[in-house]
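Here's a walk through one protein model, written for someone who would rather look at the fold than read a list. Have a look at the picture first, then read on.

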Amino acid sequence: MREVVVISGKGGTGKTSLTAAFAHLAESKVICDLDVDAPDLHLLLDPAVVRDEAFISGHEAIIDPEKCSGCGLCASMCRYDAIDQDGDVYRIAPLRCEGCKVCVAFCPEQAIDFPPRHCGQHYMSETRFGPMVHAQLFPGQENSGLLVSRLKKEARVLAEERGLELILCDGAPGIGCPVIASLSQTDLAVVVTEPTPSGVHDLERVASLCDHFRTRVAVVVNKHDLNPEQTSRIGALCKEKGYTLAALLPHDTAVTEAMVRRQAITEGEDSAIATQVRQAWRTITDLLHS
């Protein structure tokens with residue numbers, strides 16, 4: 001079983017559009033959207049949910065106003081300023097609460113409950129391209145890395161159950177916790193970038209992260225024709241670091257038109273950009289088996 005994760009140092013590079021096209025072209029795969037904070041692959045693949053489960057992580061403090069005596073001890077001990085006075089009693093500000101449990105431990109009236117925190121939902125779905133594992137964190141919730149690890153585990157179990165040979169992941173942008181979790185047990189990272197100074201800078205950061213975890217890197221430059229100078233700079237970086245330059249994709253409005261139709265670029269009428277994306281996937285497949 002092989003695993004490919006499509007990532008980018010920054011958002012807006014076309015990562016999800018490429019992942020959808022690769023999902024269309026790949027055979028015998030499980031699709032996995034690991035961008036749990038702001039997922040959008042489902043917009044193109046239109047998944048039919050088969051299983052829906054709550055993601056429970058950590059705890060949250062809740063003050064019972066009937067038991068609260070209004071002494072203010074909890075507010076004075078909270079290092080995160082997450083407890084506000086509400087008339088004669090106190091209440092927890094959920095977005096500021098870190099779940100440290102200090103208020104629960106020291107409340108003289110035992111007026112603070114500490115139930116598990118419902119942070120989001122995760123799903124197993126079916127799409128026109130095959131099975132898909134995905135999730136959505138609620139706004140402001142943390143532990144995205146833990147949820148990413150759980151999704152990857154579910155995708156691997158699903159692939160084993162169905163005898164599938166590939167796990168294709170749409171990773172999160174940046175270099176934070178969810179990206180680090182995405183790279184675990186990954187055979188190849190496909191980094192999608194664009195020819196701008198910020199694009200090159202963020203490519204260097206995320207590729208360095210891949211190097212740290214000894215994950216092979218293939219680079220796709222999207223809209224390469226908008227800035228030939230920066231494209232050459234990316235090519236030189238790939239040559240210096242030993243990264244495979246999998247594709248130079250031009251700016252093409254056909255990608256946006258396919259997105260509006262909620263299709264992958266390779267699904268509709270054949271076009272120059274679709275042909276180039278198919279060649280990029282062939283290059284990635286060859287890398288996986290080399």
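Predicted model: local features only at pLDDT ≥ 70, side-chain atom pairs only at ≥ 80, totals over all residues.

Residues are numbered from 1 along each chain as its sequence is written, and side-chain values use heavy atoms, with hydrogens and water left out.

**Overall build**

The protein has ten helices and 13 strands. Both are DSSP runs numbered from the N terminus, with helices being H or I over at least four residues and strands being E over at least two. Along the principal axes, the C-alpha atoms fill a box of roughly 70 × 40 × 35 Å. Of the 290 residues, 49% count as buried; buried means under 20% relative accessible area, exposed means over 50%, and partly exposed is in between (1.4 Å probe, protein chains only). Contacts here are heavy atoms within 4.5 Å. Among contacts with a separation of 6 or more, 77% come from residues 24 or more positions apart.

Helix α1 covers residues 15-25, and eight of its eleven residues are buried, so the rest of the structure largely encloses it. Lys15 and Thr16 are among those buried residues, as are Leu18 and Phe22.

Two packed helices are described by the angle between their axes and the distance between the axes. For α1 and α10 the angle is about 70° and the axes are 10 Å apart. The axes are lines fitted to C-alpha atoms, for helices over the stretch in contact, and angles run from 0 to 180 degrees between N-to-C directions. That makes α1 roughly perpendicular to α10; the label covers 65 to 115 degrees, while under 35 is roughly parallel, over 145 roughly antiparallel and the rest oblique. On the α1 side the contact uses Leu18, Ala21, Phe22 and Leu25, and on the α10 side Val277, Arg278, Trp281 and Ile284. By class that is seven nonpolar, no polar and one charged residues. Nonpolar covers Ala, Val, Leu, Ile, Met, Phe, Trp, Tyr, Cys and Pro, charged covers Asp, Glu, Lys and Arg, and the others, Gly among them, are polar.

Helix α10 itself runs over residues 272-288 and reaches 25 Å from its first C-alpha to its last, close to the 24 Å expected at 1.5 Å a residue. The expected span is 1.5 Å times one less than the number of residues. Val277, Trp281 and Ile284 are among the buried residues of α10.

**Helix α7 against helix α8**

Now for α7 (residues 197-212) and α8 (residues 228-241): their axes come within 10 Å and cross at roughly 15°. The two helices are therefore roughly parallel to each other. Pro197, Val200, Leu203 and Glu204 in α7 meet Gln230, Arg233, Ile234 and Leu237 in α8. This contact counts five nonpolar, one polar and two charged residues.

With 16 residues at 1.5 Å each, α7 should span 22 Å, and its end C-alpha atoms are 23 Å apart, which agrees. The buried residues of α7 pack against β1 (2-8), α6 (177-182), β11 (188-193), β12 (216-222) and α8. Over in α8 sits Thr231, buried at 10% relative accessibility. Leaving out residues up to four places away in sequence, Thr231 touches Pro195, Val221, His224 and Leu248.

**A few single residues**

| Residue | Relative accessibility | Class |
|---|---|---|
| Asp84 | 23% | partly exposed |
| Arg262 | 41% | partly exposed |
| Pro65 | 48% | partly exposed |
| Asp81 | 58% | exposed |

Asp84 lies in strand β5 (residues 83-86) and touches Val89, Tyr90, Arg91, Ala93 and Arg96, again not counting residues up to four places away in sequence. Its C-alpha is 42 Å from that of Ala48, 36 residues apart along the chain. Pro65, in the loop between β4 (62-63) and α3 (73-77), is 24 residues from Val89 in sequence and 6.3 Å from it in space, C-alpha to C-alpha.

Asp81 is in the loop between α3 and β5 and has a positive phi of about 50° although it is not a glycine. Arg262, in the loop between α9 (253-260) and α10, has a positive phi near 60°.
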